[in-house]
Amino acid sequence: MKPADLRGILKYVPQYRNKTFVIALDGVITESENFSNILLDVAVLCSLNIRVVLVHGISSQVKKITDTMEGFTPSDLDGTGITDDQTLKVALIAANRCTHEILEGLTTADLRAVTCNGITAHPMGIIHGVDHQFTGKVERVDVEMFQTLLKDGIIPVAPPLGFDGEGNTYRVNSDNIAATLGIQLQAQKVIFVTSEDGLFCNGHIIGNIQSENLRQKLNDPANTWKPEQISKAQYAIQACRQGVPRVHLINGLVNESLLKEVFSNEGVGTLIYANEYQQIRRASRKDIRTIMVLIKQAMETEELSLRTYQDIENRIQDYYLFEIDSHAVACVALHPFSGKEAGELACLFVNPNHENKGIGSKLVHFIEDKARTLHFKKLVVLSTQTYTFFKSKAGFTDGSESDLPPERLQKYHESQRRSKILIKSLI
Ligand SMILES: CC(C)(COP(=O)(O)OP(=O)(O)OC[C@H]1O[C@@H](n2cnc3c(N)ncnc32)[C@H](O)[C@@H]1OP(=O)(O)O)[C@@H](O)C(=O)NCCC(=O)NCCS
């Protein structure tokens with residue numbers, strides 16, 4: 001690895017620290033030559049304090065076992081069809097073997113891992129008159145168990161099986177498990193590691209697509225898809241709708257694809273993303289009172305500098321509100337520095353009842369994206385009590401008075417707040 005690659009990776013460290021990635025390995029990947037490299041990539045993620053959950057499929061393993069069983073054809077391969085008694089038995093053998101190989105590989109990479117009974121499933125039931133027998137779907141995830149393991153630096157390994165509490169085991173589709181874990185564990189990413197370069201529509205790979213656009217494409221009968229990818233696309237949409245910001249599909253047969261997808265702007269596979277900013281809107285004059293009420297307390301405790309109604313009104317076009325159920329719970333502003341390709345992120349405030357849910361970070365990223373679309377090269381923030389948040393959670397670094405244009409510098413001195421000046425390069 002070149003030093004430049006390492007620098008590129010380090011840029012992402014604050015953003016991903018203590019965040020959860022659910023990585024779903026297709027069965028064919030765990031059998032491939034590249035599997036040990038993937039586990040090394042997982043080790044890199046763990047070393048950067050990213051919390052990893054591994055999910056695996058077993059279609060390829062079930063097929064291989066049943067190919068050697070004369071006169072026996074499995075009733076299902078991927079946990080979406082009918083799983084009869086005999087096929088379930090084969091699935092259990094395949095799953096145990098595969099989980100064991102993953103645990104073995106993780107041990108070789110010096111990583112601690114366990115498999116657990118944290119997935120509760122119930123039968124898929126009778127669909128269009130057909131009993132799906134031992135095929136199940138996820139009913140519940142033992143979030144506490146998974147979070148405890150993750151906090152302790154242990155990788156949970158989830159096979160494509162679920163338990164019902166009455167001694168029954170069900171064969172569950174691994175995409176279903178990955179998406180549900182992603183949603184329940186509030187994961188930052190779900191990454192499907194497959195044997196394809198990405199998601200294909202009409203024979204062409206999709207680079208990146210917003211989940212809602214993917215849903216429309218999937219519903220359009222004119223489009224053709226690789227049949228085995230449809231469930232991944234559907235679960236990706238479901239995960240994005242329920243709070244997972246990004247779902248990736250990558251080719252696990254290619255060396256370093258996992259790290260390249262996570263740590264580069266371009267990515268190598270398909271990125272399906274939620275509209276993270278749908279709850280953010282530009283403020284208008286009628287929101288001035290709301291902003292005043294929202295930030296009143298923070299101004300009193302000097303977390304925010306004083307702003308009058310008039311101050312806000314004069315620059316209302318710079319302000320944004322974050323709403324939940326049409327109720328403003330946070331705000332932020334981007335004040336451009338006139339004549340400079342730079343601006344100030346200001347007035348970031350999250351209602352204390354909504355703190356620690358990622359809203360502050362989302363607003364910072366939103367302002368960063370806005371600044372980039374305005375071709376700003378630098379973002380500045382002035383902070384008296386929150387500078388560690390900007391440094392550790394948003395990648396800002398120490399700046400100096402020379403980062404402020406003269407008129408802003410004058411105000412800075414006049415306020416006597418002696419705020420720390422932090423900057424983030426957007427180049
Ligand atoms: C700072 C603030 C915007 C964070 O909003 P949020 O929605 O809670 O932030 P997120 O959920 O994205 O991130 C929470 C993380 O930031 C950390 N954090 C929150 N406030 C912090 C602070 N003042 N210093 C350092 N870290 C802080 C939390 O401990 C949490 O860490 P964790 O992820 O390791 O558990 C919010 O607390 C706030 O409005 N504070 C008062 C106003 C203020 O100071 N604004 C900045 C003006 S420059």
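**The cavity and the sheet**

Mentor: C116, I119, A158, P159, L161 and F163 line the largest cavity, and since this is a predicted model, the description that follows holds for the model. The volume of this cavity is about 40 Å³, and the structure holds one cavity of 30 Å³ or more. Sorted by class, its lining has six nonpolar residues, with no polar and no charged ones.

Now turn to the sheet, which is open and has eight strands, in the order β3-β8-β2-β1-β11-β15-β16-β14, with mixed pairing. Strands β3 (113-115) and β14 (208-210) stand at the edges, and because each has a single partner strand, one side of each is left without a neighbour in the sheet. From one strand to the next, the twist averages 20°. Strands of a sheet pair through backbone hydrogen bonds, either parallel or antiparallel. Here β1 (residues 20-25) and β11 (residues 189-194) pair in the parallel sense, over five bridges, and L25 has V193 in β11 as its bridge partner.

Helices also pack on this sheet. Helix α6 (residues 85-108) lies across β1, β2 (51-56), β3 and β8 (155-158), and runs at about 150° to β2, whereas helix α9 (residues 211-219) touches β14 and β16 (270-273), with its direction making about 90° with that of β14.

Note on methods: Residues numbered from 1 in each chain as written. Predicted model: local features only at pLDDT ≥ 70, side-chain atom pairs only at ≥ 80, totals over all residues. Heavy atoms only, no water. 1 Å grid on protein atoms, 1.4 Å probe; cavity = no way out; pocket = protein on both sides within 12 Å on 5 of 7 lines; lining within 4 Å. Points joined across faces, edges and corners; volume = space filled by probe spheres on them. Nonpolar A, V, L, I, M, F, W, Y, C, P; charged D, E, K, R; others polar. Pairing = 2+ DSSP bridges. Helix = DSSP H or I, 4+ residues; strand = E, 2+ residues; numbered from the N terminus. Axes fitted to C-alpha atoms, helices over the stretch in contact; angles between N-to-C directions. Contact = heavy atoms within 4.5 Å.
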